[in-house]
Amino acid sequence: MPIPIDHQLREQITHDASVFPITYFHDELATLPNWAGPLHWHPEFEIATAKSGILDFQVGQNHLTLEAGDSIFINGNILHGIRQVSGDVPDPMPGIVFSDIIFAPGTSVIYQKYIRPIAGSDAVPFIIFRRGNSWHDEVNRLAEDIYRQLQERSACYEMVVQRDLNSIFEYLFRHYDDLPKSEATRIQINTQIRIQQMLTYIYTHYAESVTLDDIARAADISRSEAGRCFNAYLGCSPVDALIQYRLQTAYRLLSDTTLTLQEISYACGFNSVNYFSRQFRRTYGYAPGQNRTLGK
């Protein structure tokens, strides 16, 4: 299934926080067009690991390369997306999304002393754990153990997972002063807010007739400023981002063989089937009708 996000770009996490506030995922890239996921956010932390291919993680405006064996920690409430840039098969990319309440209540000494400094730090939107670095390797080992525990679910797996996560955050706390810091400027923060507002508008109204003025108005900025924001985050224009989202939506709808190409085209905001087909072929390299038999 594609990454489920709501119209605020917030990923819809499936875990029940009252039971065990962590979700394990894997093989998501195989379900995404061109093995690339959209920008989204969630209040929970995230850890993911590259297994075979080379991955490009976009975190805020930063593009970060993960090679096989590297892992990444993404702080809460940070816009991020993923794209595989090499490899003949989709990387399984195991990962977890988890709430900070898995460690301790927010009023506890453990939370206030060890978790809050990281969770509340604008200077640490992400941390990369490179294979071959001493303490990074230990974090990568702990992450692999967490994935295995959540997949196998053997006796006491919840306690093992919680123990491993505590160990990871102990490493983060002990090495906090040595972590690379990248605190966002006020301009970057404002740009992210505007991007969220405009992408929210696109994700909500993509099936309608949408103009550049409509997109810019969603963030109460000019057309030129809207273009600057999109170029900074996505490297494209607002209208190009709209078309790409329409095509991503069409890609998912093509799995429903009860819908005709015309119905899918109109449902995604394209007024012409021919124009939709040309844009789809230009983006994915084949006609939309072929998507129902191809695996990627």
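Where does Trp35 lie? I found Trp35 in the loop between strand 1 (22-25) and strand 2 (36-40). Helices (H or I, at least four residues) and strands (E, at least two) are DSSP runs, numbered from the N terminus.

**Ground rules.** I am working on a predicted model, where local features need pLDDT of at least 70, side-chain atom pairs count only at pLDDT 80 or more, and totals for chains, interfaces and linings use all residues. Residues are numbered from 1 along each chain as its sequence is written, and side-chain values use heavy atoms, with hydrogens and water left out.

**Entry: positive phi.** I checked the backbone of Trp35. Its phi is positive, about 55°, although Trp35 is not a glycine. Trp35 counts as buried because its relative accessibility is 9%. My cut-offs: buried is under 20% relative accessible area, exposed is over 50%, and partly exposed is in between (1.4 Å probe, protein chains only).

I then went to Asp220. Asp220 is not a glycine either, yet it has a positive phi of about 60°. I located Asp220 in the loop between helix 5 (212-218) and helix 6 (223-234). Is Asp220 buried or exposed? At 72% relative accessibility, Asp220 counts as exposed.

**Entry: Gln58.** I placed Gln58 in strand 4 (residues 54-59). With a relative accessible area of 9%, Gln58 is buried. I followed the side chain of Gln58 to the backbone oxygen of Gly60, at 3.1 Å. For a polar contact I need a pair of N or O atoms within 3.5 Å; within protein, one must be able to donate a hydrogen and the other to accept it, and residues adjacent in sequence count only if both atoms are side-chain atoms. Leaving out residues up to four places away in sequence, I listed what Gln58 touches: Leu39, His63, Leu79, His80, Gly81, Tyr233 and Leu234. Contact means heavy atoms within 4.5 Å.

**Entry: Glu263.** I found Glu263 in helix 8 (residues 261-267). Glu263 is partly exposed, at 41% relative accessible area. What does the side chain of Glu263 reach? The backbone nitrogen of Thr260, at 2.9 Å. I also took the C-alpha separation of Glu263 and Leu253: 9.8 Å, for residues 10 apart along the chain.

**Entry: helix 4 on helix 6.** Helix 4 (residues 186-205) packs on helix 6 at about 100°, with the axes 10 Å apart. Axes are lines fitted to C-alpha atoms, for helices over the stretch in contact, and angles run from 0 to 180 degrees between N-to-C directions. That angle makes helix 4 roughly perpendicular to helix 6. I use under 35 degrees for roughly parallel, over 145 for roughly antiparallel, 65 to 115 for roughly perpendicular, and oblique for the rest. Helix 4 brings residues including Met198 and Leu199 to the contact, and helix 6 brings residues including Phe230 and Tyr233. By class I have nine nonpolar, three polar and three charged residues in the contact of helix 4 with helix 6. Ala, Val, Leu, Ile, Met, Phe, Trp, Tyr, Cys and Pro count as nonpolar, Asp, Glu, Lys and Arg as charged, and the others, Gly among them, as polar.

**Entry: helix 7 on helix 9.** The axes of helix 7 (residues 238-253) and helix 9 (residues 273-284) come within 10 Å and cross at roughly 90°. Helix 7 and helix 9 are therefore roughly perpendicular to each other. Among the contact residues I noted Leu247 and Tyr251 of helix 7, and Phe276 and Phe280 of helix 9. The contact of helix 7 with helix 9 has eight nonpolar, four polar and no charged residues.
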